[in-house]
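Visitor: Please show me the model, and then let us go through its contacts.

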Amino acid sequence: MAATATREEIEGRVFSALQEFGAEPDQINPDATFESLDIDSLDLVELAQIVEDEYGVQLKGEDMEDVKTVRQAVDLVMSKLG
Amino acid sequence: MTRSVVITGVGAVTPLGVGARTLHERWTAGVSGIEDGYGRASEFEPKEHLSVKEVRRSDLFTQLALAAAQEALEDAGWDGEKPYDPERTASVIGTGIGGIGTLEREHIVLQQEGAERISPLSIPLLMANAASGVIAMKHDLRGQSFGTVSACAAGAHAIGMAERLIRYGDADAVVTGGSEAAITPLATAAFGRMDALSDSGISRPFDRRRDGFVMGEGAGILVLEEEEAARERGARILGYIRGYASTSDAHHLTAPEPSGRGAARAMELALKDAGIEASDVLYVNAHGTSTPLNDRAETNAIKTALGDELAAKVPVSSTKSAIGHLLGAAGAVESIATLLALRDRIAPPTLNYGEPEDGLDLDYVPNEARPLQNGDVRAIGLSNAFGFGGHNAVICLEAS
């Protein structure tokens with residue numbers, strides 16, 4: 001469990017997950033909204049599973065409700081890591 | 001006045017390759033798509049046909065259907081602006097089992113890693129109506145959309161329902177067919193345990209040595225349109241769905257009724273629905289599974305439906321001899337094979353046929369394709385599809 005992950009590492013992992021989900025690579029950046037990347041709630045559940053597997057951080061449904069951009073998702077993971 | 005139904009596009013992914021014409025040409029040439037006892041759609045590479053997101057969000061059975069639908073719609077000339085009001089365009093796709101590959105994989109995850117690790121995509125991937133829903137979404141078809149479930153008759157039932165939607169006036173066009181991807185550990189073991197599968201791994205319908213069916217996978221999709229609307233838009237018309245009928249044996253969970261009574265009635269009713277005499281049938285595409293029970297009961301059914309004299313003359317062949325049994329896709333893939341055979345006025349062969357059995361004495365077109373009667377006669381054929389549960393569905397097609 002990499003509880004010491006850096007922001008860059010987490011951002012990189014989130015980017016690669018979004019690519020796996022089918023988002024266009026050249027449109028993925030911290031300010032992109034999930035809506036613009038065609039990433040929906042089913043994708044975000046999978047993203048939460050990946051984050052939990054790799055960083056030991058549990059993201060619950062209510063945590064994710066206000067997450068609209070890639071940056072907000074990375075912020076949320078960082079805040080959970082403390 | 002009666003609305004009639006034309007076929008304007010076809011698409012298929014089968015063990016003989018990608019493409020409806022590939023299926024027709026290779027089968028007619030006597031090529032087999034069966035390797036090591038399985039009819040896999042081995043030339044199908046999902047990423048060549050679908051986006052990353054589409055691949056990720058669909059089970060193989062839906063991927064096969066999407067690729068076949070794309071081909072069928074392009075074939076129908078729908079690749080630009082849609083020729084029909086989306087709200088009057090439907091999607092009806094049959095399957096025997098749906099996304100069983102997804103179900104099996106996720107069940108292993110459940111057992112080994114726990115409920116928290118199950119993919120949130122599990123249900124949308126495995127549900128048997130996924131192909132119908134995903135095709136409707138991709139192509140903006142906003143009329144009726146649903147799956148048909150009747151085991152190995154599902155693809156034929158879908159086409160029959162689609163034809164009825166147009167004839168009844170509920171839709172002007174329907175994307176329809178069947179899809180199956182059940183060459184999975186559980187499905188293969190389960191069919192094996194009921195002694196349905198061939199031990200020899202050879203599909204040889206109607207031959208004395210036949211010992212069960214060979215599992216196949218693939219999809220077949222047709223674009224059906226109301227005839228007048230199709231003509232108005234200048235569509236190329238491949239042929240017609242002239243008639244359809246469906247009956248039930250009400251006899252046994254898996255075995256066909258031995259006399260073929262229910263299957264015969266479906267053939268007779270399909271001809272009646274089409275307003276066509278048995279004597280006008282040029283070719284019968286048999287269900288022909290290569291199981292001991294089906295091929296005998298179906299031979300009886302053909303004799304009952306056409307009469308002994310006609311039945312002795314009409315060429316009868318089984319696509320399953322070349323691609324195996326595509327289960328819920330079979331009725332659709334074989335309707336397409338029937339249509340293209342009728343268009344070329346050719347009877348494709350029953351492969352691997354060598355030894356006749358007493359009572360199985362129709363003209364099964366052994367091993368080599370043969371020209372059909374040509375000239376002024378209409379190119380009319382029947383495509384049979386029967387399923388576990390006693391379902392019989394028959395499509396009467398005419399090539400233009």
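Visitor: How many residues does the contact take from chain B and from chain A?

Guide: This is a predicted model, where local features need pLDDT of at least 70, side-chain atom pairs count only at pLDDT 80 or more, and totals for chains, interfaces and linings use all residues. Residues are numbered from 1 along each chain as its sequence is written, with chains lettered from A and ligands numbered from 1 in the order in which they are written. Residues are in contact if their C-beta atoms, placed from the backbone, lie within 7 Å. On that basis the contact takes eight residues from chain B and seven residues from chain A.

Visitor: How far apart are the C-alpha centres of domain 1 and domain 2 of chain B?

Guide: Chain B is divided into domain 1 (5-239) and domain 2 (244-399), with bounds from an automatic or database domain assignment. In contact are 65 residues of domain 1 of chain B and 63 residues of domain 2 of chain B. The C-alpha centres of these two domains of chain B lie apart by 21 Å.

Visitor: Which element gives the most to the side of domain 1 of chain B that touches domain 2 of chain B?

Guide: Helices (H or I, at least four residues) and strands (E, at least two) are DSSP runs, numbered from the N terminus. The elements of chain B that give two or more residues to this side of domain 1 are strand S1 (5-14), H1, helix H8 (154-168), strand S5 (173-180) and strand S6 (218-226). With eight residues, the one that gives the most is H8(B).

Note on methods:
Contact = placed C-beta atoms within 7 Å.
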